[in-house]
Amino acid sequence: MNSLAGRSGILGLLISIISLMFASLACQIDLGGPARPGILIKADEKEATEVAQIWSDAISHAVSSGQVIVLFNEVQITGFVEQRIRSDSTPILNDPQIYLRQGQIQVYGTLARGFLLSTALIRIEPSVDADGQLEFRLVEASVGPIPAPDLLMESISTILTEALTGSIGSLATGIRISSIAIADGEMSIVGEIR
């Protein structure tokens, strides 16, 4: 009888250990990473579409003056980036947050790959080149305890380029940018129609 009770105890212990192993595989391991550079930004579909509308309105007003002025805020740019990232079946970054501070575009979010989870922060400084085009200079990129992967940086750069210069931005609308300023949660772009 003791032998049967001993076997039942060992079998129960073995089942418990196996259950714990499967439960730990289902959980994600948080690698940590950089802290969010500001408060949580809540954006929705309306803000995502405002970026294109702002460019369109600026062009309409520029017909008479020749000067284009666009002003974006963190909520609008976050909404645009979030919408573009969500359209990907395997997004590189989850819950993106775009902070416009101290001359920089700061992109914050979480990365989840398999059972690993970490936060990411990319700091970019935009500038205007001699031809009136926006350029982006990477200042810092970190994911958890390691540097950000190239794929993340390329993905974010592509989305920002589309928002600010690409299919809805200055290149598509024929604008020569003369200045860009970023501070206190806002970004202004000034230019002229070519």
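So, is K46 buried or exposed? K46 counts as exposed, at 55% relative accessibility. Exposed here means over 50% relative accessible area, buried means under 20%, and partly exposed is in between, with a 1.4 Å probe and protein chains only.

Okay, some background. This is a predicted model, where local features need pLDDT of at least 70 and side-chain atom pairs count only at pLDDT 80 or more, while totals for chains, interfaces and linings use all residues. Residues are numbered from 1 along each chain as its sequence is written, and side-chain values use heavy atoms, with hydrogens and water left out.

Now the overall picture. The protein chain has 5 helices and 9 strands. Those are DSSP runs numbered from the N terminus: helices are H or I with at least four residues, strands are E with at least two. Going along the sequence, you read α-β-α-β-α-β-β-β-β-β-α-α-β-β. There are 194 residues in the protein chain, and 36% of them count as buried.

Let's get to the salt bridges. For us, that's a side-chain nitrogen of Lys or Arg within 4 Å of a carboxyl oxygen of Asp or Glu. By that rule the count is 5.

One of them brings us back to K46, which pairs with E50 at 3.2 Å, N to O. Both sit in helix α2 (residues 45-65), and because they are 4 residues apart there, about one helical turn separates them.

What about R123 and E140? Their closest N and O atoms are 2.9 Å apart, and they form a salt bridge. This pair links distant parts of the chain: R123 is in strand β5 (residues 116-128), E140 is in strand β6 (residues 134-143), and they're 17 residues apart. E140 is partly exposed, by the way, with a relative accessible area of 32%.

Last stop, strand β4 (residues 104-113), where we find Q104. Q104 counts as buried, at 10% relative accessibility. What does Q104 touch, leaving aside neighbours within four places in sequence? Its contacts (heavy atoms within 4.5 Å) are Y99, R123, I124, E125, V139 and I182.
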